[in-house]
Amino acid sequence: MCALCLAARQHNLIPQEQYAERQSDGQDGAWLKRLFADISRQLKIPIGIVSADAEQCYDRIAHVFASLVYQAFGVFISAVIVMLASIQHMKFYLRTGLGESAGFMTARIGSIIQGLCQGNSDAPAGWSLISAVLIKVYKSLGHGAYFRTPITGEVHDTSGVLYVDDVDLFTMRSNLVTLWEEVVESTRSWTELLTVPGGFRQRRKMLWVSYQL
């Protein structure tokens, strides 16, 4: 899975907004937010930054959606079955300072265990592939910020910064009225997209900041 994720990055299938990868860290994303604010100051265009972190991204992933995404990126169905079926029928014991519990939790009819599990070495790469699909759909809806270079006229875009399940959504509009409308609509779209793989947005950490100069 990790090798596939690297190949996906080489073919530009992993969006630039995802910073949870090799030779990159959360500080790079923090610098991008600062540069985004600097561009707003230079162009004198209001921007909005929305913190819309996901809730337990590894634990809430639905296996049906995960299987479809992995196969779309070229993972063999046999490998998908081995990983997801193992999680679905795994026995989970509780270990404390007093020892390991005698009982365990496992799947039963009508209640199959989902998620990718904390500690699964393929979980980070798996989430990167899933978030790549979410970002692509999010940007296809017209959300994000767009820049046009003054000399070459090239258009560049970014939808924000993602570091695992920590998300900052970027918005840039010509005035505060349209900015607020787009912030509301983009946040609603991202929240709805998170529910597709089984995720949920952390409302208690919800925050948005606007800049106008």
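In this predicted model, the buried residues of helix H3 pack against helix H4 (77-88) and helix H5 (123-140), where contact means heavy atoms within 4.5 Å and where helices (H or I, at least four residues) and strands (E, at least two) are DSSP runs, numbered from the N terminus. Helix H3 spans residues 63-72, and its buried members are His63, Phe65, Ala66, Ser67, Val69 and Tyr70; a residue is termed buried under 20% relative accessible area, exposed over 50%, and partly exposed in between (1.4 Å probe, protein chains only). Just after H3, glycine 74 takes a positive phi of about 105°.

When residues up to four places away in sequence are not counted, tryptophan 190 touches Ala52, Leu134, Ile135, Tyr138, Leu162, Val167 and Leu169.

Strand S7 is mostly covered, with six of its seven residues buried. Strand S1 (residues 47-51) pairs with S7 in the antiparallel sense over five bridges, two strands being taken to pair if DSSP finds at least two bridges between them, and valine 50 stands opposite leucine 169 in S7. Strand S6 (residues 160-163) likewise pairs with S7 in the antiparallel sense, over four bridges, and here leucine 162 stands opposite valine 167 in S7. The hairpin of S6 and S7 has two residues between the strands, and in it valine 164 takes a positive phi near 60°.

Taken as a whole, the protein has six helices and eight strands, which follow the pattern α-α-β-α-α-β-β-α-β-β-β-β-α-β along the sequence. Of its 213 residues, 41% count as buried, and among contacts between residues at least 6 apart in sequence, 71% join residues at least 24 apart. The protein exposes about 12400 Å², of which carbon and sulfur atoms supply 59%, the accessible areas coming from the Shrake-Rupley method with a 1.4 Å probe, and for residues only the protein chains shown count as cover.

The mean pLDDT of the protein, the predictor's confidence in each residue from 0 to 100, is 82, and 85% of the residues score at least 70. Confidence is lowest in helix H1 (residues 2-10), at a mean of 63, and highest in H3, at 91. Where pLDDT is low, the predicted coordinates should not be read in detail.

Residues are numbered from 1 along each chain as its sequence is written, and side-chain values use heavy atoms, with hydrogens and water left out. Local features need pLDDT of at least 70 and side-chain atom pairs count only at pLDDT 80 or more, whereas totals for chains, interfaces and linings use all residues.
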